[in-house]
Amino acid sequence: LRRSEYKDAIPIAEKAAAEEPHSAIAQFVFGRLLVESGETEKGIARLQSAEQLDPKFLETHLSLVTAYSRTGNMEEARRERVLAVNISKETGRVVQH
């Protein structure tokens, strides 16, 4: 998706996240779209919500690595990367980031 397409998708994802506040996937999608559209800080907050709802959801951790790296918070990016690697080992899923 191009940045403008992310912006078009944000209202839909925002509505889904509001309607499903306990859905890690809804929070993840909204957060990821925010990060990709340049609203990194808002996206991090949503991704953190997704992480709290489902701490083992690998994609959330990988997206947080990206988001924290974009803000220059390399300590948090490294922490999320370690979490992602550990989840990958536990679940057998491959980390591709």
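## Helices H4 and H5

How close do the axes of helix H4 and helix H5 come, and at roughly what angle do they cross? In this predicted model, the axes of H4, which covers residues 58–71, and H5, which covers residues 74–91, come within 8 Å and cross at roughly 160 degrees. H4 is therefore roughly antiparallel to H5, since angles over 145 degrees count as roughly antiparallel. The crossing in which H4 passes H5 is left-handed.

On the H4 side, the residues that meet H5 are Leu58, His61, Leu62, Leu64, Val65, Tyr68 and Ser69. On the H5 side, their partners are Met74, Glu76, Ala77, Glu80, Arg81, Leu83, Ala84 and Ile87. Sorted by class, the contact of H4 with H5 holds 10 nonpolar, 2 polar and 3 charged residues.

## The chain as a whole

The secondary structure of the protein chain consists of 5 helices and 0 strands. Read from the N terminus, the order of its elements is α-α-α-α-α. The radius of gyration of the chain is 13 Å, close to the 13 Å that the globule rule gives for 97 residues, so the chain is as compact as a globular protein of that length.

Along the principal axes, the C-alpha trace spans about 35 × 30 × 20 Å. Of the 97 residues in the protein chain, 38% count as buried. If contacts between residues at least 6 apart in sequence are considered, 46% of them join residues at least 24 apart.

## Helices H2 and H3

Two packed helices are described by the angle between their axes and the distance between the axes. For helix H2 (residues 24–36) and helix H3 (residues 40–53), the angle is about 160 degrees and the axes are 7 Å apart. H2 and H3 are therefore roughly antiparallel to each other. H2 passes H3 in a left-handed crossing.

H2 contributes Ala24, Gln27, Phe28, Phe30, Gly31, Arg32, Leu34 and Val35 to this contact. From H3 come Thr40, Lys42, Gly43, Ile44, Arg46, Leu47, Ala50 and Leu53. The classes represented in the contact of H2 with H3 are 9 nonpolar, 4 polar and 3 charged residues.

## Helices H2 and H4

H2 also packs with H4, at an angle of about 25 degrees and with the axes 11 Å apart. H2 is therefore roughly parallel to H4, given that angles under 35 degrees count as roughly parallel. The crossing of H2 and H4 is left-handed.

In this contact, Phe28, Arg32, Val35 and Glu36 belong to H2, while Glu59, Thr60, Ser63, Ala67 and Arg70 belong to H4. These residues divide into 3 nonpolar, 2 polar and 4 charged. Phe28, Arg32 and Val35 of H2 are also listed in the contact with H3.

## Alanine 17 in helix H1

Alanine 17 is part of helix H1, which covers residues 3–19. Is alanine 17 buried or exposed? Its relative accessibility is 2%, so alanine 17 counts as buried, the cut-off for buried being under 20%.

Apart from neighbours within four places in sequence, alanine 17 is in contact with Ala26, Gln27, Phe30 and Arg46. The C-alpha atom of alanine 17 is separated by 27 Å from that of asparagine 86, a residue 69 places away along the chain.

## Arginine 79 in helix H5

Arginine 79 lies in helix H5. With a relative accessible area of 37%, arginine 79 is partly exposed, because that class lies between the cut-offs of 20% for buried and 50% for exposed. Between the C-alpha atoms of arginine 79 and glutamate 39 there is a separation of 21 Å, and the two residues are 40 residues apart along the chain.

Definitions and conventions. Residues are numbered from 1 along each chain as its sequence is written. This is a predicted model: local features need pLDDT of at least 70, side-chain atom pairs count only at pLDDT 80 or more; totals for chains, interfaces and linings use all residues. Side-chain values use heavy atoms; hydrogens and water are left out. Axes are lines fitted to C-alpha atoms, for helices over the stretch in contact, and angles run from 0 to 180 degrees between N-to-C directions. Helices (H or I, at least four residues) and strands (E, at least two) are DSSP runs, numbered from the N terminus. Angles under 35 degrees count as roughly parallel, over 145 as roughly antiparallel, 65 to 115 as roughly perpendicular and the rest as oblique. A crossing is left-handed if the near helix is turned anticlockwise from the far one by less than a right angle, and right-handed if clockwise. Contact means heavy atoms within 4.5 Å. Ala, Val, Leu, Ile, Met, Phe, Trp, Tyr, Cys and Pro count as nonpolar, Asp, Glu, Lys and Arg as charged, and the others, Gly among them, as polar. The radius of gyration is taken over C-alpha atoms; the globule rule is 2.2 Å times the number of residues to the power 0.38. Buried means under 20% relative accessible area, exposed over 50%, partly exposed in between (1.4 Å probe, protein chains only).
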